[in-house]
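Dear colleague,

Please find a protein structure below, handed over for your study. A short account of what was found in it comes after the structure.

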Amino acid sequence: MRREEDRIEQAVEKTVEVATADLVPPPPTGAFSPFRYPVFRAIWTANLFSNLGGTLQGVAAAWMMTELTASHQLVALVQASATVPIMLFGVFAGAIADNYDRRLVMLTAQVGMLVVSAALAAMAYAHMLTPFLLLAFTLSVGIGTALNSPAWQASVRQQVEPRELPQAIALNSISFNIARSVGPALGGLLISIWDVSFAFAFNAISYIGLIGVLLWWKPPPRQIERRPILPAVGVGIRYCATNPQLRRILARCFALGFSLAAYQSLLPTVVNGPIHGDELDYGLMLGLFGIGSITAAPLTGPIRRRIGLEGILAMGAVMFVFSLSLIAEVDRIAYALPAAFVSGMAWVMILTTLNTAVQLRSPDAILGRCLSIYQAVTFGGMALGAWTWGALADWRDLPFALHAGSIFLIVSFVALRILAPLPKPGEGIIKQA
């Protein structure tokens with residue numbers, strides 16, 4: 001284990017660019033240049049349909065919970081159940097992604113999620129679901145996501161050249177948010193004319209395309225020095241804990257994830273409650289969220305280069321405060337629509353920026369572990385936030401919980417900007433071989 005840490009340290013010392021990475025003009029690349037690579041293009045397309053299915057399932061599960069129970073907390077836990085596994089198992093998934101062929105790890109996760117989603121569709125069709133059984137299924141899909149995500153994100157380096165990594169990350173975010181813009185409206189339509197089982201079945205089928213592409217893709221073998229999982233996890237945690245740039249980024253990830261969960265977790269009860277909307281209104285809100293994300297994704301890189309990491313996160317935080325405050329006070333769907341669009345823009349600006357910042361400061365040998373720690377911290381914050389804001393809504397009411405989310409976001413952002421400032425341009429950037 002000590003030898004692995006020494007090897008990582010030597011590799012970093014040879015490749016770190018202290019401040020020149022952001023000062024030297026990069027080779028000309030466009031926002032969509034990664035599509036020149038056939039492998040990236042194929043995986044991106046298949047992943048788009050998989051994301052669409054996942055969005056349909058998320059919409060159906062959240063809406064079904066509002067019909068199974070009147071508890072705000074249980075509705076919020078649908079969102080939490082999808083993110084808790086990333087917090088609990090994500091770090092181990094990162095070690096698995098570094099220890100094994102990342103393509104095979106992704107295949108295993110995709111097949112597992114297909115089986116679970118098919119079982120969920122069958123149970124829903126038979127009207128055998130209860131609130132806690134629904135949470136168990138969404139938790140199981142979340143475990144598959146936790147296993148898949150570090151391997152998928154780390155594999156981007158095997159699909160495009162290192163200099164095009166930020167554009168590839170942004171395009172993957174666009175894929176997810178295209179699904180978010182189309183999926184909710186489609187999900188609301190399917191639920192209204194059929195029932196939730198059809199949306200669950202669509203999600204199960206959506207995994208097949210990505211499984212096929214992964215079977216077709218034959219990347220060059222990576223040099224892997226396998227380590228026992230627990231010591232490997234320890235190496236990743238120590239690196240992130242002792243690297244000052246990553247440590248500060250991760251602190252911001254947790255606080256932002258905790259705050260942003262107020263919008264995501266309480267939106268179904270806001271639409272079904274104070275707004276008096278139906279499943280189509282809920283789909284419309286989520287669709288506008290996705291459209292806002294797509295709109296912001298190509299702009300995130302230029303904005304980040306102009307105003308820096310702190311500037312773009314501050315912009316995103318202000319936009320989220322606006323959205324939370326608006327949906328806390330409105331009682332008609334038309335008044336809530338601007339909040340959905342603005343929060344979608346803020347969401348992709350914040351998470352794409354944080355993801356890119358972590359990837360550019362992580363050595364390839366432990367990239368899966370660094371990304372899994374980033375996800376565990378961010379989504380762990382979201383899971384804890386979803387539970388907290390749902391409990392506050394049950395204790396007082398929805399407006400109180402939403403305003404509390406805004407206040408926490410403002411206070412935590414200001415405090416951490418002083419206590420854990422983000423890296424300056426080029427600080428800690430690792431030049432990949």
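This is a predicted model: local features need pLDDT of at least 70, side-chain atom pairs count only at pLDDT 80 or more; totals for chains, interfaces and linings use all residues.

Residues are numbered from 1 along each chain as its sequence is written, and side-chain values use heavy atoms, with hydrogens and water left out.

Overall fold

The protein has 13 helices and 0 strands. Helices (H or I, at least four residues) and strands (E, at least two) are DSSP runs, numbered from the N terminus. Along the sequence the pattern reads α-α-α-α-α-α-α-α-α-α-α-α-α. Of the 433 residues, 58% are buried; buried means under 20% relative accessible area, exposed over 50%, and partly exposed in between (1.4 Å probe, protein chains only). Among contacts between residues at least 6 apart in sequence, 88% join residues at least 24 apart, where contact means heavy atoms within 4.5 Å.

Helix pairs

Helix H4 (residues 102-125) and helix H5 (residues 131-154) have axes that come within 8 Å and cross at roughly 160 degrees. H4 is therefore roughly antiparallel to H5. Axes are lines fitted to C-alpha atoms, for helices over the stretch in contact, with angles from 0 to 180 degrees between N-to-C directions. Angles under 35 degrees count as roughly parallel, over 145 as roughly antiparallel, 65 to 115 as roughly perpendicular and the rest as oblique. The crossing of H4 and H5 is left-handed; a crossing is left-handed if the near helix is turned anticlockwise from the far one by less than a right angle, and right-handed if clockwise. Among the residues that meet are Arg102, Met106 and Met113 in H4, and Leu133, Phe137 and Trp152 in H5. The residues of this contact of H4 with H5 divide into 16 nonpolar, 6 polar and 1 charged. Here Ala, Val, Leu, Ile, Met, Phe, Trp, Tyr, Cys and Pro count as nonpolar, Asp, Glu, Lys and Arg as charged, and the others, Gly among them, as polar.

For helix H2 (residues 38-68) and helix H7 (residues 196-216), the axes come within 8 Å and cross at roughly 160 degrees. H2 and H7 are therefore roughly antiparallel to each other, and their crossing is left-handed. The contact of H2 with H7 holds 18 nonpolar, 8 polar and no charged residues.

The axes of H9 and H12 come within 6 Å and cross at roughly 35 degrees, and the crossing is right-handed. In the contact of H9 with H12, 17 residues are nonpolar, 9 are polar and none are charged.

Aromatic pairs

How many aromatic pairs does a search of the whole structure find? The search finds 11. Rings of Phe, Tyr and Trp (its six-membered ring) pair if their centres lie within 6.5 Å; planes under 30 degrees apart count as stacked, over 60 as edge-to-face and the rest as tilted. The ring centres of Phe258 and Trp389 are 5.2 Å apart and the planes stand at 65 degrees, so this pair is edge-to-face. Phe258 lies in helix H9 (residues 244-272) and Trp389 in helix H12 (residues 367-395), so the pair ties together parts 131 residues apart in sequence. Phe258 and Trp389 are both buried.

Tyr263 and Phe320 also form an edge-to-face pair, because their ring centres are 6.2 Å apart and their planes are at 80 degrees. With Tyr263 in helix H9 and Phe320 in helix H10 (residues 279-329), the pair ties together parts that are 57 residues apart in sequence. Both Tyr263 and Phe320 are buried. Ring pairs also link Phe254, Phe258, Trp389 and Phe408 into a cluster.

Single residues

Gly368 is found in helix H12 and is buried, with a relative accessible area of 0%. Leaving aside neighbours within four places in sequence, Gly368 is in contact with residues including Gly94, Asp98, Arg102 and Ala154. Gly368 and Trp152 are 216 residues apart in sequence, yet 9.0 Å apart in space, C-alpha to C-alpha.

Yours sincerely
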